[in-house]
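Here is a structure to read with care, one question at a time.

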Amino acid sequence: MPSGPHPETWLKVMPQGLFCAPGEFFIDPMRPVDRAFVTHAHSDHARPGHRAVAASPATLALMRARMGEGAFAESQPLAWGERVRLGEVTVWLEPAGHVLGSAQVAMEFRGSRAVVSGDYKRQADPTCDPFAPVPCDVFVTEATFALPVFRHPEPKEEIGRLLASVRLFPDRTHVVGCYSLGKTQRLIALLRRAGWDGPIWLHGALAPMCAVYEAQGIALGDLRPATVAAKAALAGAIVLAPPGAIADRWARRLADPVVGLASGWMRVRQRAKSRGVELPLVISDHADWDELNATLDEVAAPEVWVTHGREEALIHAAAQRGIHGRALRLVGYGDEDEEAA
């Protein structure tokens, strides 16, 4: 148990989101507030209209690119581990490993510590800093893939399947659906590491976030716009597009496309079949069942609060190990990231 007041006495679920009362700030609020700490730049966590936003420098850059310079009046970039004091609360950020700049928000109040994970993953990702476990009294976690059926394979194996298909069908265009922020850049980096040094063609909707990643020092190599490319030029090529574009008229202009989709949900065959996906790639930016449970053990918190996802399964598994669980049921998370759709 915490040496100070239990976090349930100072961390409250409000209509705007999770509120730290003694520090007078919200974490990933869903409505405009005076002061917000934002874990990452997906729009279900990062919303415009706050007066002041504290986040990692990369998250702030991504938010500005997505929402415009007027998205918030004031900003406070925080390096990993940089402490700030708000009232009697000490707050700092640690990497979450979800996408570029994604952070956990750690808070201490009178000897009691709570950590809000935001969305996170535990697999290595060349485009963002890895998750850093922080021991705490209460760990606030997501549970997107909190069922035993979800055990993600190694990403390099899935990329190997994609490249094997490209070799097998050299006259067809491989178009892969991937979310614009995080998944696209991770796929590009994984392809580069696997030896694909040729051009990677992008749907226009994916280019702006790639530009921000490169401005933040993440090299992505030769990227070209697919929208203006001749059909013949895309034979044997790899094209990345938003998930919603892979089955519409945009994809039909490609050269006999092999349709892929990169998501943790591709573990469920029916989801792939219903979306017309020929090449499902199980590449997730969220922790799987084993990783969620391992993380609970690593942070050694006697209590876990679950924000969204498969709350009941994770709470039950935690209880089997003597960890008390609570479902916060925060509405609104998962509205943008296709892995929670």
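Q: In this predicted model, in what order do the six strands of the open sheet stand, and what is the pairing?
A: The strands follow one another across the open sheet in the order 1-2-3-4-5-6, and their pairing is mixed. Neighbouring strands in this sheet are turned against each other by 30° on average, with direction ignored.

Q: Why is one side of strand 1 and of strand 6 left without a neighbour in the sheet?
A: Strand 1 (11-14) and strand 6 (74-77) stand at the edges, where each has a single partner strand, so one side of each has no neighbour in the sheet.

Q: What makes strand 1 and strand 2 a pair?
A: Two strands pair if at least two bridges are found between them, and four bridges join strand 1 to strand 2 (residues 17-20), so these antiparallel strands count as paired. Within this pairing, V13 stands opposite L18 in strand 2.

Q: How do you know that C136 is in no disulfide?
A: A disulfide needs two cysteine sulfur atoms within 2.5 Å, whereas the nearest cysteine sulfur to that of C136, which belongs to C20, is 14 Å away. C210 is likewise in no disulfide, since the nearest cysteine sulfur, that of C178, is 8.3 Å away. By this rule the count of disulfides is zero.

Q: Why are C136 and C210 called buried?
A: Buried means under 20% relative accessible area; C136 has 7% and is therefore buried, and C210, with 2%, is therefore buried as well.

How values were computed
Residues are numbered from 1 along each chain as its sequence is written. This is a predicted model: local features need pLDDT of at least 70, side-chain atom pairs count only at pLDDT 80 or more; totals for chains, interfaces and linings use all residues. Side-chain values use heavy atoms; hydrogens and water are left out. Buried means under 20% relative accessible area, exposed over 50%, partly exposed in between (1.4 Å probe, protein chains only). Helices (H or I, at least four residues) and strands (E, at least two) are DSSP runs, numbered from the N terminus. Axes are lines fitted to C-alpha atoms, for helices over the stretch in contact, and angles run from 0 to 180 degrees between N-to-C directions.
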